[in-house]
Amino acid sequence: MKVRFWGVRGSLPTPLTPEQIQSKIMAVIQRIKVEDLESVESRARFVSTLPDWIYGTTGGNTSCIEVKTDKTEIILDAGTGIRVLGKSKNLPKNNHYHLIFSHFHWDHVQGLPFFDPAYNPASIFDVYSAHENTETYLREQMKTPYYPVPFDAFTKNFTFHKLQPDKEFFIDDIKVNLSPMSHPGVSYSYSFEHEGKKFVYATDVELKLQDYSNIQNGEKVFRNADCIVLDSQYTVEEAYRKENWGHSAFCYAIDFAVHWNIKKLYLFHHEPTYDDKKINSILQAARWYAQYIDHSEIEINIAKEDQEIEI
C-alpha cells in the first residue's frame, strides 16, 4: 500500500501568513554566509542544510489521505486536501473511487464540492460511513445558500454503504476494520490490511489512558499495525485546557501507539494556530518523550502535505 497526505490540518484550513513567510526568509538570512553564495554547488549545499520548517511547510489543507494499491483507490475524508488530489496526474484510470468518512465535521467534508472527478459522469463512487444519513449530510452542504452547485451536478454513480463497527469488510483485496472513538458526535478509526501489512487512520480522537484497553474492536484495528496516522493536535498543556474538545496531545498518541505495539506513528490533524516551527518543535519533543519512556524504537514523524509513504 502507498499512502499520500493531501490534507493534514485540523479544524479549518490554515494558509501560510505573510508574517510566517517573512519569518522563514529572516531565518535563512541569519544562517547564510558569504561562502554559501559562491557557486551553484555551494548554494545548493546550503539549502540542503536548512531545517524542514524553513525549507518546506507542513501544509494548510484539512484532512484528506489517499491509500492506493495497484488496483484500488481509497480516499479517507474529504477535507480541503481532496481538491488538490482531484488535480493530480495519477488518478485511477478506471475512474473508481472508494471514499471513507471518519465523521462529518466541516474540516472532513468541505473539500468534496471542489473535487473535480466527482463531476465526471464516468466516475464511480462507493462511499462508506458508520454514521446514519451520509448522503443527506453531503447534500446539505451543497444547498443554497452554502454552495451554488447542487449535489445532483455530480456523477450519478454514487453508492452509499452503511458500516457496522463490529463487522470487517473488504474493498477489493483490502481488509478493513473500524472502531468508534471518543470525539463529539463520534469519529471512526479504520485499519487497512493488504499483503501482510496494516495501516491505521485514526483522526479526531481524544485519547485517555483508561480508554486504551476498552476501545471497541481495538484488537483488530490497532494491534501490531505497521503504521498509524493519529490525531495529535495539542501539546499537553493545551490538551488540559481543551478537555472534551475531542483531540489529543502528542505524548498521548505515543503512549497509545506503544500500547498497541505499532511500529510507526505519523502525528496528524495539526492545530491551525501552530506554524511550521512550532510543529517541528512538537516532533522533536515527541521523539524525546519516546526515549524518556524507553520506547525509542518507535518511529515518529510529522504528516506533511504531498508526502507519500509505503506500508
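Reader: What volume does the largest pocket have?
Author: This is a predicted model, where local features need pLDDT of at least 70 and side-chain atom pairs 80 or more, while totals for chains, interfaces and linings use all residues. Residues are numbered from 1 along each chain as its sequence is written, and side-chain values use heavy atoms, without hydrogens or water. A pocket is an open set of points on a 1 Å grid over the protein atoms alone, where a 1.4 Å probe fits, with protein on both sides within 12 Å along at least five of seven lines. Filling the largest one with probe spheres set on its points, joined across faces, edges and corners, gives a volume of about 320 Å³.

Reader: Which residues lie nearest the centre of the largest pocket?
Author: The lining of the largest pocket counts 14 residues, each with an atom within 4 Å of a point. Nearest the centre are F104, W106, V109, Y137 and Q141.

Reader: How many degrees separate the planes of F114 and Y147?
Author: The structure holds 20 aromatic pairs (Phe, Tyr or six-membered Trp rings with centres within 6.5 Å; stacked under 30 degrees, edge-to-face over 60, tilted otherwise). F114 and Y147 make one that is edge-to-face, 5.4 Å centre to centre, and the angle between their planes is 80°.

Reader: Is Y147 buried or exposed?
Author: Buried means under 20% relative accessible area, exposed over 50%, and partly exposed in between (1.4 Å probe, protein chains only). F114 is partly exposed because its value is 41%. Y147 comes in at 15%, so it's buried.

Reader: Over which ring does the charged end of K278 sit?
Author: The test wants NZ of Lys or CZ of Arg within 6 Å of the ring centre and within 35 degrees of the ring normal. K278 sits 5.3 Å from the centre of the ring of Y274.
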